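Could you walk me through this chain, starting with its annotated sites and moving on to its charged side chains? Here is the structure to follow along with.

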Amino acid sequence: MSNKPRCYLEVNLSMIRQNGLRIQKFIGNTKLMSVLKGDAYGLGIQRCALALNDVTDWFAVATAEEALAIREVGVEKPILVLGYVPSSQIKKMVREEITLTVISVKDVKRIQSVLKRDEHAQMHIAVDTGLTRIGLFSQTMAASELAEQARTILKMDGIEVTGIFTHFAVAGSIDLEDQQFTTSQYELFREVVSLLEQEGYLLGIKHCCNSNAILENPDMYEDMVRCGKFLFGFGQSHDLDLLGCELAFNLRARVVRVAMSTANTNIGYGRVYKTQRPSKIATISFGFGDGYRREMGENTPVLVNGNRAKIVGRVAMDYMMIDATEIPDISAGDYVTLMGHNDSKVIMPNEVSHLVNASTNEIIGNLNKRVLRTYLDENGKEI
């Protein structure tokens with residue numbers, strides 16, 4: 001075997017940039033906020049930020065650490081932190097001109113208390129219109145109450161409001177009630193905005209649409225849209241086709257052993273799978289210690305030299321086995337593709353995630369540091 005890794009995630013930075021350009025074309029004159037939370041969905045935030053730097057208008061992240069990681073590589077585009085920022089990091093955010101999110105009036109007062117008189121924190125007001133997570137909140141979903149909370153923040157010393165947004169709970173759903181819920185969220189947001197603007201408040205950039213809403217709700221674009229998964233080419237195939245986006249990564253793992261077994265041979269922990277015939281079983285150096293789930297056995301596909309095979313038995317921490325009986329040429333040292341392209345075939349992330357009732361974001365985001373990240377440039381060469 002060579003010195004290549006036991007498993008790796010190959011990220012095509014040129015494809016990420018091209019996806020960004022295609023999304024920008026789709027949304028027209030609307031600004032694009034590229035969402036790179038969760039270390040760019042596990043693909044590597046610094047590399048992805050650099051790939052998108054000349055395409056996007058804004059970046060969004062989940063944590064202060066992610067925002068600072070983007071600044072560390074010289075990116076000067078505006079960054080919005082969507083999550084909680086500890087008091088110890090507030091001044092760093094101010095110095096680096098990183099925008100914070102209003103989680104609640106109480107939390108803004110905490111931020112204000114950290115600032116000196118000559119310091120100002122830029123913030124976007126989040127309006128909770130039905131996700132019930134962060135932002136200004138009203139038990140009765142009363143626009144007047146939400147607007148009153150916003151006024152309190154708009155009048156605070158040291159707080160500079162440069163934007164206002166909401167987040168949809170079921171954008172992209174085909175269910176009629178869900179679609180009506182999204183409409184009600186947007187209408188409440190617009191009512192709050194209108195109340196404040198009628199009083200002369202300057203609210204800055206307004207944004208509501210996430211990835212799915214970009215496709216389904218163009219009338220709700222406002223000044224800017226937020227896009228995450230489509231930048232990396234995962235989501236429903238028909239959505240990707242509409243945008244022209246392509247999968248920008250391949251997840252591969254090495255075959256470490258190939259063994260011929262007889263019929264009725266146990267495969268893996270728990271004796272949950274036994275061969276039904278003489279079988280060629282290949283052991284793959286990838287498991288739930290790398291980010292897959294234990295229950296992914298038996299139905300989850302892989303690609304071997306352009307041919308499909310399936311995982312058999314339980315996925316263990318470090319290994320999983322596949323039935324390679326129908327694969328003519330497979331040997332220790334080969335790589336199998338768990339997600340992505342192999343020759344002319346492809347396994348899309350949503351094909352894998354659907355088997356375990358998970359989202360594609362969850363499956364990709366769970367790939368941990370044991371999985372080496374490698375990066376390709378515009379010529380397909382490893383950086």
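Setting aside residues up to four places away in sequence, Arg 133 touches Asp 128 and His 167 in this predicted model. You will find Arg 133 in the loop between β6 (121-126) and α7 (143-154). Its relative accessible area is 58%, over the 50% cut-off, so Arg 133 counts as exposed.

Why start there? An unreviewed UniProt entry lists Arg 133 and Met 317 under "binding site". The two are spread over 185 residues of sequence and also in space, with up to 33.2 Å between C-alpha atoms. From this set, Arg 133 is part of the lining of the largest pocket. Met 317, for its part, sits in the loop between β13 (307-312) and β14 (320-323), and is partly exposed at 44% relative accessibility. Its contacts, again leaving out residues up to four places away in sequence, are Gly 287, Phe 288, Gly 289, Asp 290 and Arg 370.

Now look at residues 248-376, which the unreviewed UniProt entry annotates as "domain: Alanine racemase C-terminal". Over this stretch the chain is 10% helix and 38% strand, and the end C-alpha atoms are 10 Å apart.

Arg 254 is buried but has no salt bridge, and Asp 334, the nearest side chain of opposite charge, is 7.4 Å away. What does its side chain meet instead? A polar atom of the Arg 254 side chain lies 2.9 Å from the backbone oxygen of Lys 4, and a polar contact of 3.2 Å joins the side chains of Arg 254 and Tyr 335.

Elsewhere, charges do pair up: the count comes to 17 salt bridges. One of them joins Glu 10 and Arg 252, with the closest N and O atoms 3.3 Å apart. This pair links strand β1 (residues 7-12) to strand β10 across 242 residues, and both Glu 10 and Arg 252 are buried.

Asp 323 and Arg 277 also meet in a salt bridge, at 3.8 Å from N to O. Asp 323 is in strand β14 and Arg 277 in the loop between β10 and β11 (279-284), so the pair ties together parts 46 residues apart in sequence. Asp 323 is buried at 17% relative accessible area, whereas Arg 277 is partly exposed at 35%.

In a further salt bridge, the closest N and O atoms of Arg 308 and Glu 351 are 2.7 Å apart. Here strand β13 is linked to helix α11 (residues 349-355). Finally, salt bridges with shared partners join Arg 6, Asp 290, Asp 318 and Arg 370 into one network.

Terms used. Residues numbered from 1 in each chain as written. Predicted model: local features only at pLDDT ≥ 70, side-chain atom pairs only at ≥ 80, totals over all residues. Heavy atoms only, no water. Buried < 20%, exposed > 50% of the residue type's maximum accessible area, 1.4 Å probe, protein only. Lys, Arg positive; Asp, Glu negative; His and termini not counted. Salt bridge = Lys/Arg side-chain N within 4 Å of Asp/Glu carboxyl O. Polar contact = N/O pair within 3.5 Å; in protein donor to acceptor, adjacent residues only side chain to side chain. UniProt positions renumbered as here; feature names shortened; annotations may be inferred. 1 Å grid on protein atoms, 1.4 Å probe; cavity = no way out; pocket = protein on both sides within 12 Å on 5 of 7 lines; lining within 4 Å. Helix = DSSP H or I, 4+ residues; strand = E, 2+ residues; numbered from the N terminus. Contact = heavy atoms within 4.5 Å.
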